[in-house]
Amino acid sequence: MTTTPQAVRRASPRARRTVTPPDPARSLLPDAEPVRLLAENGTPLPARADYPEPPAEVLRELYRRMVLGRRFDTQATALTKQGRLAVYPSSRGQEACQVGAVLAVRDTDWVFPTYRESMALVARGIDPVEVLTLLRGDWHCGYDPTEVHTAPQCTPLATQCVHAAGLAHGEAYQGRDTVALAFIGDGATSEGDFHEGINFAAVFKAPVVFFVQNNKYAISVPLSRQTAAPSLAYKGVGYGVPSEQVDGNDPVAVLAVLTRAVAHARAGKGPFLVEAHTYRMEPHTNADDATRYRDSAEVDAWRDRDPVARLETYLRARGVLDDAAVAEITEQAEAYAADLRTRMNEQPTVDPLSLFDHVYAEPTPQLIEQREQVRAELAAAHAEEGDA
Amino acid sequence: MATTMAKALNTALADALAADDRVVVFGEDVGALGGVFRITDGLQARFGENRCFDTPLAEAGIVGFAVGMAMSGLRPVVEMQFDAFAYPAFEQIASHVAKLRNRTRGTLSVPIVIRVPYAGGIGGVEHHCDSSEAYYAHTPGLKVVTPATVDDAYSLLREAIEDPDPVVFMEPKKLYFASAEASLPTRNEPFGRAVVRRPGRDATLVAYGPAVPVALEAAEAAREEGWDLEVVDVRTIVPFDDETITASVRRTGRCVVIQEAPGFAGVGAEIAARVQERCFHALHAPVLRVAGLDIPYPAPMLEHTHLPGVDRVLDAVARLQWDDQPDARWAAA
């Protein structure tokens, strides 16, 4: 005889009295919907106790850096078209994520950016010419990572996640309360190092915030080819890591969610995973043709969710911004772009002999030989130029 | 006092942990177990779980974690359990460990040591006996070191941990438990110096790691054939000591390079090319190589067919143009 579940329940009244233990996974799960504090038209949504709104002066600064960040980004794209940059991966449309994330951490915290975080780095206060050094075609990352507590922009996908875990553990080991903020994109969550990084951070309770900007495309491949998960934030639960998803074009929500994630990590509770739903308005880089894989209608729909306009509308309504303030910030952004243009139009000097300087702390005998060879080649070329 | 390479490595780790608070040791099974080869035996008990600890089973994670810890100012020493198990970490090693100093103009360095038990001769099953040194030696930014003697195991590991650059430290598994007289602690020649293990007049055998004992044994056997062979132990593949090896070959006029790894595109090929470039006018014969076969590392029952042994070395020495005749092996068909 087959026993139906109903029959079992009827036959065993005790079963009904069994108390289900609390599900340890439930507290790790993100909200089913992305956290959102501003509607797309900039009107405020009901406040949330778990994600308090940042103070007005912080939001004003968030807006200012987003405006500067966008102007930086459009200027970098223009410089690429003029041949001043070898390549530029734009993050236009992702200003809330780029700026909100770095505003959530301290100067002494460490940031682990990818190649798409140029805007985040200038928002962190790094000289834009230094940020663009590598993309300009030079051989090094431009800035001193130890001075600005920012790793070089990482091209190999997801590898920085493990570095963030190791750095955070090392800092805690040495008694410092540093938090590591690791940026990653939606495509890179398919890489093994994302999983190893989040797993190591969880096992060692390292203070890391993993911040996924889900901009919907990995070059041309849509999110549906990266994961079958309900959303990328659900990847935390398998590692015992609490997570949240946020509207990545809502600057107030991004800053609020990341502020909480950073506080969680700094309090010694281990890593936190945040997924921001956003959109890459530009192609992958200037070398990409996005019309081959997405409709202009889709791009247009995201234009209506512009994070800069959304924050401006809100702050104007709150009286934090007025015409004069917006004009002043716009002026700052233009001056910033003009300065960047001027400095990027200067031809940088590169020294081929410097290629040997930092392969090792001290060059090997073989590198010394090769440097001499290059030096001789350069001298010969110089002499020939002189003859001509 | 007689000791083993395994014990010498263990002592080197213990002495490094005692000497410098920044040194941390981690990997798979290195804690309570002391490593599958017992190289980290007793370190966790003596130095605590913060200084010597087990990690999740993920080699890219182990090496990437070490990169981050090094960025925070520590000096991680990590263990890859076996040569072939280190391959998942290759991206971290090639793209970050090797390049971080260069990418940051020297402001960030990665003074980590990646210990890799390598090579065969122990009857290991597949994926446990690879000679992977060429992958690392071909990657600028890494130092690649391999001891062949007990006291060098101690000395080179201490130096690797103190070195400002990342070091891939290749430990020949088959030599772990061979015993020799050694008084530890000891410090030998620094990185970048090869050592003449046995002086000789007639030809130079250049070897490293597991091939050094083979070369010494071959040199001993060659006496019966009337050849007086010099044996040079490379010790540090990167940085490479052209000077000592060039001087030796210029003296003897003949050279055989011995390695356990497959010969094609291997470290031995690089050594042979460098010797030929620098010693052409002193050479009485082509530089020959004796290497593992160009096959995946074979099963235990067949590994002795693969491994370059004394006979193969002596065969090569016999072909060093002693009678100025064309080498039959390369004679035109």
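Helices (H or I, at least four residues) and strands (E, at least two) are DSSP runs, numbered from the N terminus. Keep that in mind as you click through this predicted model, in which local features need pLDDT of at least 70, side-chain atom pairs count only at pLDDT 80 or more, and totals for chains, interfaces and linings use all residues. Residues are numbered from 1 along each chain as its sequence is written, while chains are lettered from A and ligands numbered from 1 in the order in which they are written.

**Stop 1: one residue in chain B**

Select B:Val63. This residue sits in helix α3 of chain B. Is B:Val63 buried or exposed? B:Val63 is buried, because 30 other C-beta atoms lie within 10 Å. A residue counts as buried with 20 or more other C-beta atoms within 10 Å of its own, as exposed with 12 or fewer, and as partly exposed in between; C-beta atoms are placed from the backbone.

Now show its contacts. Two residues are in contact if their C-beta atoms, placed from the backbone, lie within 7 Å. Leaving aside neighbours within four places in sequence, B:Val63 touches B:Val78, B:Ala89, B:Gln92, B:Ile93, B:Val97 and B:Ile114.

**Stop 2: helix α4 of chain B**

Select residues 90–97 of chain B, helix α4. Its buried residues are B:Glu91, B:Gln92, B:Ile93, B:His96 and B:Val97. What do the buried residues of α4(B) pack against? In chain B they meet α3 (59–71), α5 (100–103) and β5 (113–118), and in chain A they meet α8 (159–173).

**Stop 3: strand β7 of chain B**

Select β7(B), residues 167–172. Six of its six residues are buried. B:Val167, B:Phe169 and B:Glu171 point one way, and B:Val168, B:Met170 and B:Pro172 point the other way. In a regular strand the side chains alternate between the two faces of the sheet.

Next, show the partner strands. Two strands pair if DSSP finds at least two bridges between them. β5(B) pairs with β7(B) in the parallel sense over six bridges. There, B:Ile114 stands opposite B:Val168. β6(B) also runs parallel to β7(B), joined by three bridges. B:Val145 stands opposite B:Phe169. Trace the chain from β6(B) through α7(B) to β7(B): this β-α-β crossover is right-handed. That is, with the strands pointing away from the viewer, the path from the first strand over the helix to the second runs clockwise.

**Stop 4: the two domains of chain B**

Colour chain B by domain: domain 1 is 2–181 and domain 2 is 195–324. Domain bounds come from an automatic or database domain assignment. The domain centres, taken over C-alpha atoms, are 27 Å apart. How many residues of each domain are in contact with the other? The contact involves 26 residues of domain 1 and 22 residues of domain 2. On the domain 1 side, α6 (133–137), β6 (143–145), α7 (150–162) and β7 (167–172) each give two or more residues.

**Stop 5: the sheet β9-β11-β10-β13-β14**

Select these five strands of chain B. They form an open sheet in that order, with mixed pairing. β9 (195–198) and β14 (288–292) stand at the edges with a single partner strand each, so one side of each lacks a neighbour in the sheet. The twist averages 25° from one strand to the next.

Focus on β10 (residues 203–207) and β11 (residues 229–233) of chain B. They run parallel, joined by five bridges. B:Val206 stands opposite B:Val232. Axes are lines fitted to C-alpha atoms, for helices over the stretch in contact, and angles run from 0 to 180 degrees between N-to-C directions.

**Stop 6: chain A and the interface**

Select chain A. It has 14 helices and seven strands. Buried residues make up 45% of its 388 residues. Domain 1 of chain A covers 26–345 and domain 2 covers 352–387. Their C-alpha centres lie 40 Å apart.

Finally, show both chains together. The contact takes 33 residues from chain A and 36 residues from chain B. Which element of chain A gives the largest share of its side? α8(A) does, with eleven residues.
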